[in-house]
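Here is a short briefing for a first look. Start with the sequence and structure below, then read the points by topic.

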Amino acid sequence: MKNVKLGDIVVIAIVLIVAAALFVFGFFMRSDKSVLLVSYGDNEDHYDLSVDNVFTVENNGHTLVIEIKEGKAYVVSSTCDGQDCVNMGKIPSAHTTIACLPARVFLKIISDNVGEGYDGVVG
Amino acid sequence: MLSAKRVAFCGIFACLALILSYVESFLPMSYLTGVPGFKLGFANICVVIAVFSFGVGYGAFIMLLKVTLSALLFGSVTSFWFSLGGSVLAFVFLAVAKCVLKDRLSFIGISVGSAALHNIGQVCVACLVFGDSALMLYLVWLLPVSIITGVITGSVVQLVSKYTEKLL
C-alpha cells in the first residue's frame, strides 16, 4: 500500500461526484425566499427577511443573538464553545442553513410562496 | 504477537487517539477555513493503523474508546452522538477496505473514504437531531475538504505503518 492505486482515484472521484450532485441539487433548489425559520426545541419562529431585525434565542443552556440585515440572516454571537454557528456566515438563499449543535438551534430560509414558481397550470 | 503485547499496543493507540483528539479541539479549523465542522481527523490515523495492524476488532475497540472518552473528558452528550455517528460509518468503510478492498486501495484512498463517510455520518446525525434533510447540503463543502484531510492522514498512515508493521 505504498503507491496511489486506481481504487484511490475511484474513491476520490465518487466523493467529488457526490459533492457536485449535492451542489447542483442545492443550486436548483434556490429561489427568492423571504422567511427565516428558527427552530429550537419544540419551538418554531418565523421572521420576515425583508425587515431588519435582531433577536435572541435561548435553548439548551445557550444564548444566540441572531441578526437579519439586508435580507440575510446570521448568528452575531453565541455562548456555545465551538462558535461554528457564528463562523457559518450569512444565509442568503433557500435551502442553506445555520445549525448550532450545542444549542440545538436551527436556522433555515423557507418559502412563503409555495407554487409561485409556476406561470400557470393547464390541463 | 502475544495477546498481552497486542492489548498494550491497543492501549497506546487509544491514548494517542485521545491526545490527538484533544489537541485538535484547540485548533480553530472551522474559523481558519470557513468550513463549519472542519476537522483534520488526526485521531483517525490511530484507528486506521489499529485496524490494519492489529485487526478489525481491536480497531473497533479503539474507535469506541476514543469516542466515549473524548466525549466524557472534553466533549458533551451532543458531541458523543455526532462523533459516534461519524466514527461508526467511517469504521464500516475501514472494515470493508481491510476485508474486501485491501489490494485495490492504498492508505490514501482508505483515509479519504473514511473521512468522507465520517462527515456523512455526522451530517446524518445532525439531520436526525434537527429533523431536516437540508443539512445534507453542508456536504457540498465537507466532502471536498475530506479529500484533502484524507490525503494528509493517509500519507501519515503510510509513513507510520512502516514502523508499526515492524512491531508485530
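**Fold of chain B**

Take the contacts in chain B between residues at least 6 apart in sequence: 70% of them join residues at least 24 apart. This is a predicted model.

- Chain B has 7 helices and 0 strands.
- Along the sequence, the pattern of chain B reads α-α-α-α-α-α-α.
- Chain B has a radius of gyration of 15 Å, which agrees with the value near 15 Å for a compact globule of 168 residues.
- The C-alpha trace of chain B spans about 50 × 35 × 25 Å along its principal axes.
- Buried residues make up 51% of the 168 residues of chain B.

**Where the chains meet**

- The size of an interface is often given as the accessible area lost when the parts come together.
- Between them, chain B and chain A bury about 2700 Å². Carbon and sulfur atoms carry 73% of that area.
- In chain B, the residues that lose the most area to chain A are F130(B), L137(B) and Y138(B). Together they account for 20% of what that side buries.
- Chain B brings 36 residues to the contact, and chain A brings 30 residues.
- There are 0 salt bridges between chain B and chain A.
- Polar contact joins 4 residue pairs between chain B and chain A, counting pairs with both residues at pLDDT 80 or more.

**The chain B side of the contact**

- Four elements of chain B give two or more residues to the side that touches chain A: α2 (29-33), α5 (77-99), α6 (107-130) and α7 (139-167).
- The most comes from α6(B), with 10 residues.
- By class, this side of chain B holds 24 nonpolar, 8 polar and 4 charged residues.

**Two positive phi angles in chain A**

- N60(A) is not a glycine, yet has a positive phi of about 55°.
- N60(A) sits in the loop between β3 (53-59) and β4 (62-69) of chain A.
- With a relative accessible area of 45%, N60(A) is partly exposed.
- E70(A) also has a positive phi, of about 50°, and is not a glycine.
- The loop between β4 and β5 (72-78) of chain A holds E70(A).
- Is E70(A) buried or exposed? E70(A) is exposed, because its relative accessible area is 69% and exposed means over 50%.

Methods. Residues are numbered from 1 along each chain as its sequence is written. Chains are lettered from A and ligands numbered from 1 in the order in which they are written. This is a predicted model: local features need pLDDT of at least 70, side-chain atom pairs count only at pLDDT 80 or more; totals for chains, interfaces and linings use all residues. Side-chain values use heavy atoms; hydrogens and water are left out. Contact means heavy atoms within 4.5 Å. Buried area is the accessible area (1.4 Å probe) that two parts lose on being put together, summed over both. A salt bridge is a side-chain nitrogen of Lys or Arg within 4 Å of a carboxyl oxygen of Asp or Glu. A polar contact is a pair of N or O atoms within 3.5 Å; within protein, one must be able to donate a hydrogen and the other to accept it, and residues adjacent in sequence count only if both atoms are side-chain atoms. Ala, Val, Leu, Ile, Met, Phe, Trp, Tyr, Cys and Pro count as nonpolar, Asp, Glu, Lys and Arg as charged, and the others, Gly among them, as polar. Buried means under 20% relative accessible area, exposed over 50%, partly exposed in between (1.4 Å probe, protein chains only). The radius of gyration is taken over C-alpha atoms; the globule rule is 2.2 Å times the number of residues to the power 0.38.
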